[in-house]
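Hi there,

Here is the structure I promised to pass on to you. Have a look at it, and then read on for what was found in it.

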Amino acid sequence: MRALPRGTDLPVLLPVAPRRAAPGGQAGRLRARHGAWLALALLAALAVGEAQAGPGEDSIVAAILRWTPLLGQGFALNVAMSFIAMTVGTAAGTLLGLCQISLMPPVRGSSRFVTQFFRNAPWLVLLFYCMLLLPFELRIGGVVIPLPGWVKATFGLSLPVMANMSEIVRGAVQSIPFGQWESAESLAFTRRQTLWMIILPQCVKRMLPPWMNLYAILVVGTPLCSIVGVNEAMTLTNDALAAEARRELLVPMYLYLLLWFFLYCYPIALWTGRLERRFAVDA
Amino acid sequence: MPEQPLIRLVDVHKRFGANEVLRGVGFDVPKGDVVCVIGPSGSGKSTLLRCINALVPIEQGSIRVDGREVNDPKLDKLALRRKVGMVFQQYNLFPHRTALQNVMMAPIHVLKQERVEVEARARRLIAKVRLEGKEDAFPGELSGGQQQRTAIARSLAMNPDVMLFDEVTAALDPETVKEVLVTIRELAEEGMTCVIVTHEMGFAREVADHIYFTDRGVIVEHGAPREFFAEARDPRTRQFLSQIL
Ligand SMILES: Nc1ncnc2c1ncn2[C@@H]1O[C@H](COP(=O)(O)OP(=O)(O)OP(=O)(O)O)[C@@H](O)[C@H]1O
Ligand SMILES: [Mg+2]
């Protein structure tokens with residue numbers, strides 16, 4: 001895209017992410033070699049499992065393949081929950097983040113508190129609260145809307161997403177040089193116009209990579225819902241293991257599930273990394 | 001009876017915490033005049049300009065712009081700023097918009113003028129600052145001098161009564177300084193009222209009707225350029241001029 005004039009000293013044009021990627025990449029980011037290790041571990045576990053399988057029993061691979069459609073169904077629920085929680089959390093978090101930069105101290109203070117609270121509360125605690133405190137159905141007028149467990153759990157997941165999104169928005173807005181506000185002000189833009197027409201459009205690019213990181217974290221967090229009894233991939237894996245009642249299936253089966261998550265998250269990580277690098281030179 | 005000055009500052013005081021930045025500044029800027037403010041770093045020049053368009057409030061004194069009291073809690077700041085253009089050292093163009101869009105934004109969204117008419121005017125202004133052909137370039141694709149001229153066009157698009165320039169060439173290479181100064185001089189020659197904070201003494205001497213020298217929040221010396229440079233009496237002014245010239 002746009003080239004940066006060499007040696008510029010404009011604050012507006014300085015790289016968004018000045019930190020250079022450390023050799024070997026950023027800590028915590030998924031890499032292809034992680035997937036390779038995972039695949040290797042799965043192969044090894046399969047080999048060990050096959051060796052342990054008693055005479056006359058199914059092969060481990062056959063057992064895993066037999067349960068794959070069910071696992072896929074469960075995983076679809078993980079994906080659906082992550083989509084919904086991300087959508088709800090992003091919308092609510094954007095509002096909350098804008099409240100965090102409000103000029104009104106009560107609004108700013110309370111939204112900061114809410115953000116910090118939900119950012120630091122353990123996800124599992126939030127999930128339990130939502131499962132236990134939300135009713136199993138909603139009555140609005142004469143309409144009854146059932147609230148199954150997975151919906152309540154999704155709501156629970158969207159709370160930390162909201163809080164993290166709120167911080168992403170606040171951080172992005174505050175990373176825009178003050179001169180942008182000042183020049184907009186001197187052109188007689190109102191604060192709201194400045195925010196919507198000048199500041200936020202510049203924030204979108206900066207927010208995209210952390211937002212996608214957040215999504216990857218959320219996806220990996222969805223198996224927490226198995227603890228509160230949602231029939232997602234983790235729960236169904238446990239069910240399958242219980243039905244098979246074969247110890248040697250345990251390790252390969254969980255590794256197999258892990259591989260699903262890797263295959264889903266790896267492209268997101270790749271894309272996020274690419275965006276980060278592009279914006280770092282592009283600004 | 002002489003005409004009312006466009007800008008009149010009387011005994012302006014401004015402090016940031018314990019730091020008294022302006023300690024009783026006063027001067028007049030008649031309509032159509034060009035006033036240059038010079039002085040050492042930290043003497044409050046930028047603050048002075050920011051006070052004139054109410055970017056920062058003042059504690060004491062009076063600033064009148066076209067008869068409007070800036071130090072009035074009921075002041076319509078937006079109305080004031082529509083009449084006062086300001087150009088910054090760091091250009092502060094909006095990097096996500098092209099040069100043309102930068103110039104058009106405020107007239108469309110602040111003055112609510114017709115887009116077609118605004119665009120025609122914006123193109124004329126871009127031509128005036130000699131940037132034809134750069135209409136669709138983003139700020140990141142322009143040199144410092146080109147960005148600064150775009151910023152000037154952007155301010156002019158509001159049809160201000162007065163333009164404030166805050167060290168607008170300080171971030172530029174020596175070769176590009178000139179192209180920006182030429183633009184400002186043309187404006188001055190067309191009768192635009194200008195308050196210019198600058199370190200370019202040659203430019204100040206050439207373009208100013210009156211020069212003010214500030215130090216530590218007060219005006220220590222002022223005069224028409226010829227006298228100012230030839231007969232500065234105040235030791236601080238003399239020292240400053242000897243360093244700069
Ligand atoms: N927003 C602010 N908050 C606190 N202090 C400020 C603020 N703006 C300016 N100051 C202080 O006011 C003093 C004058 O600053 P100002 O920018 O007006 O000086 P200046 O004459 O423009 O200097 P320069 O030539 O370096 O631009 C400085 O000591 C500065 O630290
Ligand atoms: Mg300054």
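Chain A has an average pLDDT of 87, pLDDT being the predictor's confidence in each residue on a scale from 0 to 100. In chain A, 89% of the residues score at least 70. This is a predicted model, in which local features need pLDDT of at least 70 and side-chain atom pairs count only at pLDDT 80 or more, while totals for chains, interfaces and linings use all residues. Residues are numbered from 1 along each chain as its sequence is written, chains are lettered from A and ligands numbered from 1 in the order in which they are written, and side-chain values use heavy atoms, with hydrogens and water left out.

Please take care with residues 1–26 of chain A, where pLDDT stays under 50. The model has 40 contacts beyond four places in sequence for this stretch, a contact meaning heavy atoms within 4.5 Å. Where pLDDT is low, the predicted coordinates should not be read in detail.

Chain B has a mean pLDDT of 92, and 98% of its residues reach 70 or more. Among the elements of chain B, the highest mean pLDDT (97) belongs to helix 3 (residues 99–109), and the lowest (80) to helix 9 (residues 235–244). For the complex, the predictor gives an ipTM of 0.93 and a pTM of 0.85.

Now to the fold of chain A. Its secondary structure consists of nine helices and two strands, in the order α-α-α-α-β-β-α-α-α-α-α along the sequence. Helices (H or I, at least four residues) and strands (E, at least two) are DSSP runs, numbered from the N terminus. Strand 1 (residues 137–140) and strand 2 (residues 143–146) of chain A pair in the antiparallel sense over four bridges; two strands count as paired if DSSP finds at least two bridges between them. Arg139(A) has Val144(A) in strand 2 as its bridge partner. Two residues lie between the strands of this hairpin, and Gly141(A) takes a positive phi near 60 degrees.

Of the 283 residues of chain A, 47% count as buried (buried is under 20% relative accessible area, exposed over 50%, partly exposed in between, with a 1.4 Å probe and protein chains only). Among contacts in chain A between residues at least 6 apart in sequence, 77% join residues at least 24 apart.

Is Leu132(A) buried or exposed? Leu132(A), in helix 4 (residues 123–133) of chain A, is exposed, with a relative accessible area of 66%.

Chain B has an open sheet of four strands in the order 2-1-4-5, with antiparallel pairing. Strand 2 (19–29) and strand 5 (68–69) of chain B stand at the edges with a single partner strand each, so one side of each has no neighbour in the sheet. Strand 4 (residues 60–65) of chain B pairs with strand 5 in the antiparallel sense over two bridges, and Val65(B) stands opposite Arg68(B).

Which residues does Leu48(B) contact, leaving aside its neighbours within four places in sequence? They are Leu9(B), Leu22(B), Val25(B) and Phe27(B). Leu48(B) lies in helix 1 (residues 45–52) of chain B and is buried, with a relative accessible area of 2%. Leu48(B) and Lys14(B) are 34 residues apart in sequence, and their C-alpha atoms are 8.7 Å apart in space.
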